[in-house]
Amino acid sequence: MIKSLYIRVVLTFLVSVIAGTIISFFMSTWIFEDKLNQNAQINLRNFGQDIVQIYKTLPLSEADSFVSGMKQLDSYHIRIYEATGEFQSYGKLNGHKPATVTMEQLKKVIDGGVVQDTPNGIATVLLGLPVKTEMGTKAMFLETLAPPSTSFVAKWGLIFATCSLIAGSLLILIASVFLVRPIKKLTKATKRIAAGDFNVKLNIKQTSELGTLARSFEDMMHDLQQLEQMRREFVTNVSHEVQSPLTSISGYAQALKQVDLSDQERSRYLDIIIAEAKRMSTMSDSLLKLSMLESQSQQLRLVTVSLDEQIRRVIVALQPQWSARNIHFELDLQTVKVTADRDQLNQVWTNILSNGIKFSKDGGVIHVSIQQDIKNVTIRISDTGIGIPLEDQKRIFERFFKADRSHSRKYDGSGMGLAIVKQIVSLHQGDIRVESEPGQGTTFIVTLPISTPTDS
């Protein structure tokens, strides 16, 4: 089995060219020789008729002398037979073996008949005609010598086919180099990507199928690079998020060993350990939940949900958070019912509203509205908080991403909430987007179909 594509391309071309050349050569030779034979028979008959007229017009001796000097004898050989079988030949054979004339053919021509035969193949034609002289009727047999034109054409065709094959082979060898080169580049690029190197430039500018393949490969490489970057960031973020509470837990656990701690300090240390453990547990639950959502192992339990009522219940449940900071809600909620997973949607509104409360200023206002059309329902949740920079708006739905770049822990959280929201909305075949300006607040726009198709 030939593994090299280059060799396979070259061999395929050579086999095709050789087979096609051989078939074309024999077909063209057969067609040409067939036409040549037809023309030779016509010319031979015309020449024979001219000879007959010469013997009919001139005396026998003068006719013999005239015929023996004809230039056409380079292509034809003439034999004039007596009834007894004796004959006089005209013209040089030049190595040509004359056709055998049978007594039956001789008698037929003497009796005034005509004989036409191809005894040695299509290259030789034998024609017998009666010749009337003052000495009586004789039988003239003419035959064509091997025509030089046929031999020349055959040699020329063979030389042409050989030259075409050699030239075509050289051209395909050169063309194959350019054909296979992009594939070799793709192979090398694949090995480099497998080794973790994504800085690969293919520089394949072809517009053919190979060019399309190269551009698709570059798109795939770009996606893989982004996935690798996300994986590294994920590992870094998980390590950081886990390390921070572990450090606090370890430090305060060590502090609890001190004998001279007051009960108030001991209680405060224990509260910190409990809070950090709870934060780790929450992060672990969020990771598990997001993993299940992304793998779609957790099927949606679709029921009829009253969106306006559900959002009101979530706001009431979050009252301890917003009332302590004197944050107010402005609601414009139409009565809308959708087919969805109640618990999953509840998580969506809880996460978005919690973010709105967390990033709003004290005494701020959060607007919530619901609008419905024929197929979809749109929920807008706007706060008057710190806003999100434009460069961060494309990444806020990534795991662990936090728009707050400071390390002051002013805004607590694992950065998993919006990633979970995005996945839940996608599972409901909906869409979520964000509109925000730094210092002007943020608006989350969730679009859901009124009736979500069930999974098959």
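Me: What joins strand 4 to strand 5?

Reply: A hairpin of two residues joins them. Strands here are DSSP runs of E with at least two residues, helices are runs of H or I with at least four, and both are numbered from the N terminus. Just so you know, this is a predicted model, in which local features need pLDDT of at least 70, side-chain atom pairs count only at pLDDT 80 or more, and totals for chains, interfaces and linings use all residues. Residues are numbered from 1 along each chain as its sequence is written, and side-chain values use heavy atoms, with hydrogens and water left out.

Me: Thanks! In which sense do strand 4 and strand 5 pair?

Reply: Antiparallel, over eight bridges, with strand 4 covering residues 126–133. Two strands pair if DSSP finds at least two bridges between them. Phe-141 in strand 5 is the bridge partner of Gly-128.

Me: And how many bridges link strand 1 to strand 5?

Reply: Six, again in the antiparallel sense; strand 1 is residues 76–81. Opposite Tyr-81 you'll find Ala-139 of strand 5.

Me: Is strand 5 mostly covered or mostly open?

Reply: Mostly covered: of the nine residues in strand 5 (136–144), seven are buried. Buried means under 20% relative accessible area, exposed means over 50%, and partly exposed is in between (1.4 Å probe, protein chains only).

Me: Let's move to helix 3. Which residues are buried there?

Reply: Gln-105, Leu-106 and Val-109, in a helix that spans residues 103–110. Seen down the axis of helix 3, these buried residues fall within an arc of 100 degrees, so they line one face. That arc is taken from the directions from the helix axis to the C-beta atoms.

Me: What's on the face turned away from that buried side?

Reply: That face of helix 3 carries Met-103, Glu-104 and Lys-107, which are exposed.

Me: What covers the buried residues of helix 3?

Reply: The cover includes strand 1, strand 3 (115–117), strand 4 and strand 5. Just after helix 3, Gly-112 takes a positive phi of about 100 degrees.

Me: New topic: where is Ile-379?

Reply: Ile-379 is in strand 10, residues 376–382. Its relative accessible area is 0%, so Ile-379 counts as buried.

Me: Which residues does Ile-379 contact, beyond its neighbours within four places in sequence?

Reply: Among them are Leu-307, Trp-349, Phe-444 and Leu-448. Contact means heavy atoms within 4.5 Å. The C-alpha atoms of Ile-379 and Thr-447 are separated by 6.4 Å, though these residues are 68 residues apart along the chain.
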